[in-house]
Amino acid sequence: MDLNEVIEKRQSVRAFKSDPVPKALIKEILEKAVRAPSWANTQPWEFVIAGGKTMEELRKACEQAAMTGTPMAPDIAPPAGFPEPFDTRRRAVGKKMFDVLGIPREDKEKRMMWGMLGFKFFDAPNAIFILTDRSFYHQGDNLNAWPLFDCGLVAQNILLLATDRGLGTIPEIQAVMFPGVLRKMLNIPDSKLILLGIALGYPDGDNLANKIRSEREPVDNIASWHGF
Ligand SMILES: Cc1cc2nc3c(=O)[nH]c(=O)nc-3n(C[C@H](O)[C@H](O)[C@H](O)COP(=O)(O)O)c2cc1C
């Protein structure tokens, strides 16, 4: 696919077919994705990939943790708040999602059940977790944000490459809300921070959840040009 087409086509997929993604295909995607740039070529990313029985056990364990109110403590804290204009944008995509799904505001139960799906990786057959080294991020009293930036670049490569190969993806903070569960089941040491999970699989194209098209701010509102 042409790059423009891939970028246009990539969207967060929240409903998947059960067919697993072949290991060789995931490996090929990762091998290409790591051509992402990074600070002085430090390549601060590592990957943990789940599939098969492990994925099913992980799904159950994360769902169970969410259902039983296990405290959410991702390694990288979520935003403490959403100042404007971010709150408006965040609300807009949430509203669009529930409008497309046809779940009204009053139907708290259905909204809650929908929200739970993210903890079970939206039933995707595979997940890729992106890790970075704790010692590179926590430096004394300071946080070095650049490994996170670099991991974002590699993450986007994964999303685009997967889209190009007909796969669906969603980057998910919900996938890493219970790092204790992930550490135990995927044998991830404390020295590694678990940044993000990417649920991966073949999209269920008919599902309404995949018909959500998120908006973007027009470039004229966010770019200023000088010297042209
Ligand atoms: C770092 C990150 C974490 C995200 N976490 C979640 C999540 O936990 N659950 C979810 O449904 N979507 C999650 N998303 C997807 C965003 O909601 C989505 O990217 C955004 O609404 C734009 O939509 P699009 O990806 O379809 O273009 C996450 C995206 C990013 C980049």
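Modeller: Let's start with Asp75: a polar atom of its side chain sits 2.8 Å from the backbone nitrogen of Ile194.

Colleague: Before we go on, what am I looking at, and which atoms and residues count?

Modeller: It's a predicted model, where local features need pLDDT of at least 70 and side-chain atom pairs count only at pLDDT 80 or more, while totals for chains, interfaces and linings use all residues. Residues are numbered from 1 along each chain as its sequence is written, and side-chain values use heavy atoms, with hydrogens and water left out.

Colleague: What makes the link between the side chains of Asp75 and Arg183 a polar contact?

Modeller: A polar contact is a pair of N or O atoms within 3.5 Å; within protein, one must be able to donate a hydrogen and the other to accept it, and residues adjacent in sequence count only if both atoms are side-chain atoms. The Asp75 and Arg183 side chains come to 2.7 Å, so the pair qualifies.

Colleague: And why is Asp75 called buried?

Modeller: Buried means under 20% relative accessible area, exposed over 50%, partly exposed in between (1.4 Å probe, protein chains only). Asp75 comes out at 19%, so it counts as buried. Leaving out residues up to four places away in sequence, Asp75 touches Pro179, Arg183, Lys192, Leu193 and Ile194, where contact means heavy atoms within 4.5 Å.

Colleague: How many disulfides are there, and how do you know?

Modeller: A disulfide is a pair of cysteine sulfur atoms within 2.5 Å, and by that rule the count is 0. For Cys62, the nearest cysteine sulfur is that of Cys151, 20 Å away. Cys151, in turn, has the sulfur of Cys62 as its nearest, at 20 Å.

Colleague: What makes a group of residues a nonpolar core?

Modeller: It has to be a set of buried Ala, Val, Leu, Ile, Met, Phe, Trp, Tyr and Cys residues joined through side-chain atoms within 4.5 Å. The largest one here has 29 residues, of which Leu58, Trp114, Phe121, Phe129, Leu182 and Leu186 touch the most other members. Apart from this core lies another, of 24 residues, among them Ile130, Ala155, Leu193 and Ile198. In soluble globular proteins, nonpolar side chains tend to be buried together.

Colleague: What does Phe121 touch?

Modeller: Among its contacts beyond four places in sequence are Phe16, Met55, Leu58, Cys62, Phe129 and Ala199.

Colleague: Why is Asn126 called buried?

Modeller: Its relative accessible area is 5%, so Asn126 falls in the buried class. Its contacts beyond four places in sequence include Pro20, Ala50, Met55 and Ile198.

Colleague: Now the ligand. Which residues are closest to it?

Modeller: Arg10, Ser12, Ile173, Gln174 and Arg216 are the closest of the 14 residues that surround the ligand; a residue counts as near if one of its heavy atoms lies within 4 Å.
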